[in-house]
Amino acid sequence: MLAVLGLIFGIIVGVLIDPTVPTWLQPFLPVAVVAGLDALLGAGRAWLEGTFRDRVFVMSFFWNVVVACLLVFLGTQLGVGSAMTTAVVVVLGIRIFSNTASIRRLIFKA
């Protein structure tokens, strides 16, 4: 319940404050969001399977975000920033669709 209240509070504060993202951080934000979404759906799948561990989720969340952002940074340094961003989003997108398919099968038994 505390997590839901924190989420609602964060959304309200974000809407009221209307934060701006610095220009140097803008290439990393979409990839970080997709990486976090991947970890969140993986945690949902693990919870439905009965194998959820909070420490694994926290480490997975932060590790996914850090590695995805490091790959985008590396791509930017090599001069292929948009290609590396696309590659990271495609890989994480495949994982997201895989997790959502598993969640669907677990919920609907199909």
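The following legends describe close-up views of a predicted model.

View 1. The residues M1, V4, L5, I8, I12, L16 and I17 make a nonpolar surface patch of about 770 Å². One of these residues, I12, is found in helix α1, which covers residues 2-17. With a relative accessible area of 46%, I12 is partly exposed.

View 2. The model contains 2 salt bridges. In one of them, D38 is joined to R95, and the closest N and O atoms are 2.9 Å apart. D38 belongs to helix α2 (residues 29-49) and R95 to helix α4 (residues 81-108), so this pair ties together parts that lie 57 residues apart in sequence. The two partners may also be described by their accessibility. D38 has a relative accessible area of 1%; this value is under 20%, and D38 therefore counts as buried. R95, at 42% relative accessibility, is partly exposed.

**View 3. The surroundings of D38.** When residues up to four places away in sequence are not counted, D38 touches N64, L92, R95, I96 and N99. Among these contacts is R95, the salt-bridge partner of D38.

View 4. The side chains of R45 and E49 meet in a salt bridge, with a distance of 3.3 Å from N to O. Both residues lie in helix α2, where they are 4 residues apart, or about one turn of the helix. R45 is partly exposed, with a relative accessible area of 26%. E49 is also partly exposed, at 41% relative accessibility.

**View 5. A cluster of aromatic residues.** One aromatic cluster is formed by F52, F57, F61 and F62. A pair of aromatic rings is described by the distance of the centres and the angle of the planes. The count of aromatic pairs in the model comes to 3. One of them is the tilted pair of F52 and F57, with 6.1 Å from centre to centre and 45 degrees between the planes. Another joins F57 to F61: the ring centres are 6.1 Å apart and the planes stand at 50 degrees, so this pair is tilted. F57 and F61 are 4 residues apart in helix α3 (residues 54-78), a separation of about one helical turn. As to accessibility, F52 is partly exposed at 29%, F57 is partly exposed at 24%, and F61 is partly exposed at 29%.

Technical notes. Residues numbered from 1 in each chain as written. Predicted model: local features only at pLDDT ≥ 70, side-chain atom pairs only at ≥ 80, totals over all residues. Heavy atoms only, no water. Patch = residues over 30% accessible without salt bridge, like charges linked within 9 Å, V, L, I, M, F, W, Y side chains within 5 Å. Areas by Shrake-Rupley, 256 points an atom, 1.4 Å probe, with all protein chains shown as cover. Salt bridge = Lys/Arg side-chain N within 4 Å of Asp/Glu carboxyl O. Helix = DSSP H or I, 4+ residues; strand = E, 2+ residues; numbered from the N terminus. Buried < 20%, exposed > 50% of the residue type's maximum accessible area, 1.4 Å probe, protein only. Contact = heavy atoms within 4.5 Å. Phe/Tyr/Trp six-rings, centres within 6.5 Å; stacked < 30°, edge-to-face > 60°.
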